[in-house]
Amino acid sequence: MSGAALGLEIVVVFFLALFLLHRYGDFRKQQRMVLFGTLLAWYLCFLIVFILPLDVTTVSAHTVPKPCYQPWSYVPDGVMPVFWRVVYWTSQCLTWLLLPFMQSYARSGGFSIGGKVKTALIENAIYYGTYLLIFGSLLIYVAVHPEWYELQTIGITAANTWGLFLLVLLLGYGLVEIPRSYWNASRRGHLLVKTYFKAAKLMTEKADAEENLEDVMEEVRKVSETIKYNHQLRKYIDTILRKCPVVYQEKMGRNMDDYEDFDDKQNTYPTEKNLVKLHKQVIYTVQRHNRTRVQWQMLLQQAVHLEDVARNESSAAHQFSHSFPSTEPPGWVSRYLYTPTVEWYWECLLKQWFYRLLSVVLTLFSVSVVWSECTFFSTRPVLSLFAVFIQLAERDYNYLYIEMACFLTIFFLCTCVYSTVFRIRVFNYYYFASHHQTDAYSLQFSGMLFCRLTPPLCLNFLGLIHMDKAISQQQKLQTAYTSIMGSMKVLSFIANGFYIYYPMLIVILCIATYFSLGTRCLNLMGFQQFMGDNELTSDLIDEGKELIRREKRKRQRTEDGENRRREWKERYGNQRDDYSARNRSTNSEMKETSYSDTVAPVPNNRQAKYSRAGSRSERDSVELLQDAEPLDFNADTLTDDPLDANSTRPAGGRYLSMSSSRSRIFDDV
């Protein structure tokens with residue numbers, strides 16, 4: 001199976017990156033360039049995480065003097081260096097050159113490719129100017145020390161140093177917050193109260209988004225009414241209108257019919273630069289409005305589900321009942337596997353204990369990481385727990401254990417870092433939202449962060465297991481990944497100082513995260529955060545609870561109306577069809593009678609006038625009967641002829657009684 005594991009993981013990682021991109025991005029609406037750039041960045045970073053354990057296993061097999069057997073995941077010599085070189089340099093080109101340009105291009109409000117490219121180059125002028133300055137300095141260094149290998153190592157070291165600085169900050173938050181989030185998830189009362197708090201904040205954001213959308217749409221309406229169809233800037237207006245919601249498009253289309261063609265002497269027209277700015281505002285406000293609307297629906301479902309769990313905990317029947325059951329027929333899984341009884345035991349009994357056990361396991365992992373980060377530089381004795389585990393497995397030639405231990409460790413580290421990236425919110429400029437609601441700027445910014453954080457994260461992991469001889473100071477066979485990174489001895493103050501002692505700051509960051517110092521600071525600055533001992537938090541919780549109750553009443557009324565209409569259709573559908581058929585036959589007979597009355601000779605004008613009035617009243621009666629949808633329909637009230645003028649008992653509901661009264665009024669005339 002030489003190289004089979006490598007090929008299998010390459011395919012699996014691609015579908016994993018595609019799945020995550022589908023969850024957060026929108027394949028139908030977002031630009032193909034944005035999706036491709038984000039997918040490539042995520043894919044390359046995930047490849048580094050998943051393939052690095054294979055590299056460690058291959059090196060462990062080479063260190064054994066006479067191995068009993070080759071590991072099943074053994075990769076042939078010469079493959080891994082080429083693979084790492086392609087993956088690493090492609091990801092670095094993406095994060096430092098292409099993705100910043102693509103960010104500005106996607107966020108630009110230009111109407112042509114050339115206009116968007118120009119805007120992207122202007123916005124990144126300072127960014128790329130800094131790169132040129134650094135590159136010029138490196139050229140001077142090469143002139144003095146003409147060794148390309150050292151220049152390459154300096155560039156890699158600079159990128160990894162920047163990434164390690166941010167990595168420790170994100171890792172310190174994730175090591176505490178991930179275990180705590182699962183522990184809090186097991187506390188249903190705490191989770192429900194926090195959901196109420198989120199509902200109050202999200203409703204404020206939703207109202208603000210709707211207000212901004214109204215303001216921008218009003219500005220678009222004014223510009224659209226000013227620039228008529230035969231103006232040279234009208235094509236830009238049409239492009240902007242296509243980005244607006246359908247409701248506003250139809251409203252503006254109807255308003256345009258009330259205005260005449262433009263007059264150059266009466267109207268002041270905006271410039272193309274103003275339209276570009278307006279186009280950018282429309283894209284941003286529409287995306288934000290859609291995101292808050294979808295998030296509100298998801299949060300409402302979560303709150304209703306948590307309330308259902310709290311209500312079903314005291315159920316003696318041990319069967320889970322939903323406040324709003326699904327109208328779709330249950331599938332095979334719901335019928336035979338995930339039955340209401342199984343759902344009750346999972347939601348009301350087993351789920352909380354599973355989350356608590358998972359939180360304890362993750363806490364032990366976090367403690368091991370913190371200990372190893374503070375002691376991985378010690379080789380005699382070996383204090384890093386992960387290095388101890390790997391060395392014990394090497395002595396027993398247990399390659400499967402080596403690969404699984406490496407994969408679980410690096411996967412946990414990446415989960416702590418990547419989940420923090422997903423949770424970061426910089427106002428509304430960078431914000432990750434599931435259900436296809438993440439904008440192009442946030443997607444590409446996450447790709448940039450992943451490409452900058454993953455290489456130093458993997459180097460840090462290799463240092464934890466003593467596979468990086470630049471840190472462990474041991475003469476061991478190094479991995480192919482480390483050989484691509486180059487020797488850190490070129491910059492000894494970084495290799496012997498920053499890379500060893502800076503990760504110890506993770507202890508301080510974990511303590512600060514445990515006591516929620518960041519949350520308290522944001523709360524003091526005016527950014528409302530969930531804090532149980534705060535009076536404003538209690539007010540927001542009460543407000544959110546009332547909002548959820550109001551939405552539930554609205555949803556209940558909607559479902560009750562649909563159920564009544566469905567029951568009425570099922571109960572009286574056949575009778576209504578027969579009733580409509582009799583109405584159509586009677587209508588045709590009346591038309592024939594009216595036609596014969598009109599062609600027959602009349603004795604005087606008064607009689608003709610009376611005949612026309614009578615036929616008109618009968619036609620009105622028939623039209624009202626055809627358009628009517630009886631609310632309290634009863635088959636016992638039907639007469640032999642529902643259009644009989646002498647019948648005093650109505651044949652249908654209130655619409656029929658109105659038509660009968662109207663017929664009698666015309667008869668009196």
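A crossing of two helices is left-handed if the near helix is turned anticlockwise from the far one by less than a right angle, and right-handed if clockwise. The model is predicted, so local features need pLDDT of at least 70 and side-chain atom pairs pLDDT 80 or more, while totals for chains, interfaces and linings use all residues. Residues are numbered from 1 along each chain as its sequence is written, and side-chain values use heavy atoms, without hydrogens and water.

**View 1. Helices H7 and H10 cross in a left-handed sense.** Helices here are DSSP runs (H or I, at least four residues), numbered from the N terminus. H7 spans residues 188–226 and H10 residues 272–312; their axes, lines fitted to C-alpha atoms over the stretch in contact, come within 8 Å. The crossing angle is roughly 155 degrees, on a scale from 0 to 180 degrees between N-to-C directions. The two helices are therefore roughly antiparallel (over 145 degrees). The contact of H7 with H10 has 21 nonpolar, eight polar and 11 charged residues; Ala, Val, Leu, Ile, Met, Phe, Trp, Tyr, Cys and Pro count as nonpolar, Asp, Glu, Lys and Arg as charged, and the others as polar.

**View 2. A nonpolar patch lies on the surface.** Its residues include Trp 332, Val 333, Tyr 336, Trp 353 and Phe 354, and the patch has about 1200 Å² of accessible area together (Shrake-Rupley method, 1.4 Å probe). Patch residues have over 30% relative accessible area and no salt bridge, with nonpolar side chains joined within 5 Å. Helices H11 (332–337) and H12 (340–375) each give two or more residues. H12 gives the most, with seven, while Val 333 is found in H11.

**View 3. Glu 177 and Arg 180 form a salt bridge.** The N to O distance is 2.9 Å; the cut-off is a Lys or Arg side-chain nitrogen within 4 Å of a carboxyl oxygen of Asp or Glu. Both residues lie in helix H6 (residues 148–185), three residues apart, about one turn of the helix. The structure holds 15 salt bridges.

View 4. The peptide bond from Arg 380 to Pro 381 is cis, with omega near 0 degrees.

How values were computed. Parallel < 35°, antiparallel > 145°, perpendicular 65-115°, else oblique. Patch = residues over 30% accessible without salt bridge, like charges linked within 9 Å, V, L, I, M, F, W, Y side chains within 5 Å.
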